[in-house]
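Good morning, and thank you for coming.

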Amino acid sequence: RLEFLDPVEKVVEELSMMEVYFHINNSGEKEMSQEISIVDITDLSERQRDSIAIVVNQIIELKPSILGVDVIFERPLSDTEADDKLANAFLSTPDDIPIVMAEKLSLPNSETRTFGMVTHSFFVDGLLEEGGVNVIEKPTTNLKHYPVYLMTETDTVYSLPAKIVEILSGEKVVPDRDCEHTINYESVDFPVINYRELQENKQLITGRKVLLGAFYEERDKHLTPLGELPGIKVLAYTIHSMQQNKHIWQGSLFWIILMAVLAGYFMNAFEFLMSWLIVKVPKSRGKDISLFLKFFTESEIYDKIVAFIFM
């Protein structure tokens with residue numbers, strides 16, 4: 001029942017020590033990222049394209065290192081003038097400020113593990129870089145992995161985070177399991193800037209990786225080891241993980257069983273040592289220590305402490 005032993009109970013419930021690690025690691029004060037910022041346009045609907053065009057132009061004027069757009073403008077609207085403004089805002093950016101647009105894969109084929117359809121923004125047409133924003137894990141489980149790439153019947157589609165890291169580093173992101181990268185939810189947070197306050201927060205845009213999207217969109221939330229997070233924040237954590245290139249490798253079943261057997265053996269050896277001390281404790285120390293050792297090794301708290309140490 002002691003607070004510091006709560007993680008042991010959590011492991012039993014969720015069967016994931018990695019989730020417990022991230023939960024503990026993020027329980028204190030978080031460091032603010034110096035490389036990634038989020039621009040929130042929750043107040044702007046996808047149809048307010050002339051307003052979004054203004055926001056894009058303002059961001060580009062502040063010269064970010066790259067702009068990732070977590071919005072798909074699927075088809076033109078009846079307001080052609082607004083469509084033109086939006087397309088020009090993205091297509092007329094300088095070459096030294098790359099833009100990566102979101103794309104969505106659908107119609108999955110479970111047998112071939114491919115997707116039958118890709119949805120793009122209407123104006124991209126090969127003129128801008130794109131990256132997928134699909135997640136593979138079930139909505140009811142904590143999101144711990146993000147695709148590096150997914151396959152269609154004819155092509156390989158890299159994810160938006162992988163594409164951003166590849167453009168800036170010049171190297172492909174290497175998956176750490178199948179086609180996925182394990183997200184390292186380090187103790188870091190990301191500044192979120194409302195689109196109306198860009199000029200007041202120039203220092204959070206210039207030279208940084210900037211993600212543009214709806215931070216407070218209720219339909220785009222994911223369960224994570226840190227609780228429920230917006231999809232665009234999951235993108236930020238994934239980019240942060242991929243650029244560090246620190247993989248969280250998955251242990252094979254052989255090593256997991258071996259470590260479990262060794263841990264059990266050493267726990268028994270430790271208990272044997274404690275029993276031996278109870279019998280061999282010097283007479284000069286008196287009965288108090290013997291009684292204490294006997295009481296301690298037979299108590300519930302002793303088992304929890306020993307189990308916690310080896311876990």
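I begin with a definition: a residue is called buried under 20% relative accessible area, exposed over 50%, and partly exposed in between, using a 1.4 Å probe and protein chains only. By that definition K163 is buried, with a relative accessible area of 14%.

Next, the origin of these values. This is a predicted model, in which local features need pLDDT of at least 70 and side-chain atom pairs count only at pLDDT 80 or more, while totals for chains, interfaces and linings use all residues. Residues are numbered from 1 along each chain as its sequence is written, and side-chain values use heavy atoms, with hydrogens and water left out.

Let us turn to salt bridges. A salt bridge is a side-chain nitrogen of Lys or Arg within 4 Å of a carboxyl oxygen of Asp or Glu. The structure holds 12 of them.

One of these joins E129 to K163, with the closest N and O atoms 3.7 Å apart. E129 lies in strand β6 and K163 in helix α5 (residues 160-169), so this pair ties together parts that are 34 residues apart in sequence. Helices (H or I, at least four residues) and strands (E, at least two) are DSSP runs, numbered from the N terminus. E129 counts as partly exposed, at 38% relative accessibility.

E130 is also found in strand β6, which covers residues 129-132. The side chain of E130 does have a polar contact of 2.8 Å with that of H120. Such a contact is a pair of N or O atoms within 3.5 Å; within protein, one must be able to donate a hydrogen and the other to accept it, and residues adjacent in sequence count only if both atoms are side-chain atoms.

A further salt bridge, between D189 and K233, spans 2.8 Å from N to O. It links distant parts of the chain, 44 residues apart: D189 is in strand β11 (residues 188-189) and K233 in helix α6 (residues 231-244). Both residues are buried.
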